[in-house]
Amino acid sequence: MSTARVLIVEDESIIALDIQTSLQSAGYQVVSIAATSEEALDDTANFQPDLVLMDIRLHGEMDGVETAEQIRQKWRLPVVFLTAHADENTLSRAKQSQPFGYILKPFEDRELVTTIEIALSRHKAETAVRAALEKEREMSELKSRFVSVVSHEFRNPLNTILFSTELLQRYGTQLSDQKKETYLERIQGSVKRMNQLLSNVLTVGETESGKLQFSPQPINLVQFCQELVDEFHIEEKRSIQFSHRSSEPSDSLFCVDDRLLRHILTNLLSNAVKYSPKGEIVEFKLSLNHQTAIFWVQDYGIGIPSGDQADLFQSFYRASNARSIPGTGLGLSIVKQCVDLHGGTITVESEENQGTLFTVTLPLNRQSKHENNPRY
Ligand code: ATP
Ligand code: MG
């Protein structure tokens with residue numbers, strides 16, 4: 001039997017007590033008895049009942065129909081009318097307030113329970129439909145935002161490529177080797193940017209379709225990180241200082257999902273590089289024991305204003321001091337999802353114009369070297 005919390009609105013106290021007894025013996029909890037419309041609104045706000053049982057004739061300025069309308073609009077709670085009056089006019093006004101039930105006094109206990117149960121389940125179903133519609137609306141808003149942000153971010157590097165190739169084509173013979181090199185580097189940089197963008201877009205697609213899954217494999221984490229840093233070194237021409245300490249033998253393998261880990265680390269490292277000046281170092285540290293891996297990515301760049309730090313992991317969120325630097329605001333939301341899939345945590349410490357430290361902690365299962373075919 002349902003243990004729903006019910007508010008009774010009834011101005012005749014004997015009838016109210018009678019209804020209370022019926023409800024309680026059927027297992028419901030009566031949160032309060034209100035005698036006027038004002039009391040009914042106050043009690044609804046204070047007790048947040050699951051359902052309101054409402055007499056239509058109430059003393060005071062508003063009757064039960066008007067009160068029910070206010071409850072429906074403010075709290076979207078189900079209201080069941082309980083009344084001795086069944087005249088045409090009252091009925092048609094009651095109908096307009098979309099009640100969840102209408103019981104005529106005197107009533108049978110069984111009728112009361114059945115009407116309440118139907119009202120509760122209809123309300124539950126309607127709430128679920130409304131939530132689904134709301135989700136659908138949010139998703140569609142997110143999709144249009146996604147398309148506009150991503151197209152805009154693709155246009156910038158494409159324009160750079162077009163501009164640089166036109167200059168090389170027109171003035172190639174007159175340009176110094178150094179200038180030519182600059183334009184070629186700009187083209188390469190733009191292609192890399194589009195590549196990273198595409199990788200993020202594909203990952204977001206996988207997340208939405210539920211295809212981004214956790215499939216751990218034993219890997220040599222130190223080697224994996226070192227190779228990633230070497231790639232950054234070659235591609236970004238930025239030096240990342242990698243160091244590691246481990247309580248385990250150097251050839252130990254640890255179970256992580258290397259694809260997800262790559263998303264985590266490339267996004268954190270590329271942010272550290274992107275949001276700090278060219279000559280500044282980026283530090284990347286790894287600490288391993290048999291249970292956890294901790295990754296630290298520290299830069300000495302523009303930092304993140306404290307007011308922006310709480311929202312960083314939401315899709316499209318960009319801090320107020322980063323607007324002049326290209327970006328979609330997708331990277332960290334992907335990082336967060338990959339960390340969550342690992343059952344890990346991520347934290348950020350940052351101060352504007354001083355730098356930023358991201359710390360990722362992942363739980364680990366150490367594997368014996370011969371258990372599987374390691375990818376690293
Ligand atoms: P992209 O989707 O291309 O990575 P993005 O870098 O703007 O774009 P995120 O990686 O999600 O997006 O980062 C969100 C925001 O967090 C950034 O726009 C920036 O404001 C801030 N941020 C992230 N990392 C750093 C950092 N190391 N230093 C300063 N700000 C940072
Ligand atoms: Mg980023």
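User: What distance separates a nitrogen atom of ligand 1 from an N or O atom in the side chain of Asp299?
Analyst: The model is predicted, so that local features need pLDDT of at least 70, side-chain atom pairs count only at pLDDT 80 or more, and totals for chains, interfaces and linings use all residues; side-chain values use heavy atoms, with hydrogens and water left out. Residues are numbered from 1 along each chain as its sequence is written, while chains are lettered from A and ligands numbered from 1 in the order in which they are written. A polar contact is a pair of N or O atoms within 3.5 Å; within protein, one must be able to donate a hydrogen and the other to accept it, and residues adjacent in sequence count only if both atoms are side-chain atoms. For the nitrogen atom of ligand 1 and the side chain of Asp299, the distance is 2.8 Å.

User: Which residue has a side-chain N or O atom 2.8 Å from an oxygen atom of ligand 1?
Analyst: Ligand 1 is surrounded by 22 residues (a heavy atom within 4 Å). A polar side-chain atom of Thr356 is 3.4 Å from a nitrogen atom of ligand 1. The oxygen atom in question is 2.8 Å from the side chain of Tyr275.

User: Which residue of β2 is the bridge partner of Val6?
Analyst: Helices (H or I, at least four residues) and strands (E, at least two) are DSSP runs numbered from the N terminus, and two strands pair if DSSP finds at least two bridges between them. Strands β1 (residues 5-9) and β2 (residues 29-34) are paired in the parallel sense by five bridges. In β2, Val6 has as its bridge partner Val30.

User: Is Asp55 buried or exposed?
Analyst: Asp55 belongs to strand β3 (residues 51-55), and an unreviewed UniProt entry places there the feature "modified residue: 4-aspartylphosphate"; such annotations use the numbering given here, have shortened names, and may be inferred rather than shown by experiment. Leaving out residues up to four places away in sequence, Asp55 touches residues including Asp11, Thr83 and Lys105 (heavy atoms within 4.5 Å). Relative accessible area under 20% is buried, over 50% exposed, and in between partly exposed (1.4 Å probe, protein chains only). Because its relative accessibility is 5%, Asp55 is buried.

User: How far apart in space are Pro49 and Arg5, C-alpha to C-alpha?
Analyst: Pro49 occupies the loop between α2 (37-47) and β3, and a relative accessible area of 2% is why Pro49 counts as buried. Among the residues that Pro49 touches, not counting those up to four places away in sequence, are Arg5, Val6 and Leu7. Pro49 and Arg5 are 44 residues apart in sequence, yet their C-alpha separation is 5.1 Å.

User: What is the omega of the cis peptide bond between Lys105 and Pro106?
Analyst: Pro106 is located in the loop between β5 (101-104) and α5. The cis bond that joins Lys105 to Pro106 has an omega of about -5°.

User: Is Asn353 buried or exposed?
Analyst: Asn353 sits in the loop between β11 (345-351) and β12 (355-363). Although Asn353 is not a glycine, its phi is positive, at about 65°. Because its relative accessibility is 60%, Asn353 counts as exposed.

User: What is the relative accessible area of Phe316?
Analyst: Phe316 lies in the loop between β10 (292-299) and α9 (331-341). Phe316 is not a glycine, but has a positive phi of about 75°. Phe316 is buried because its relative accessible area is 6%.
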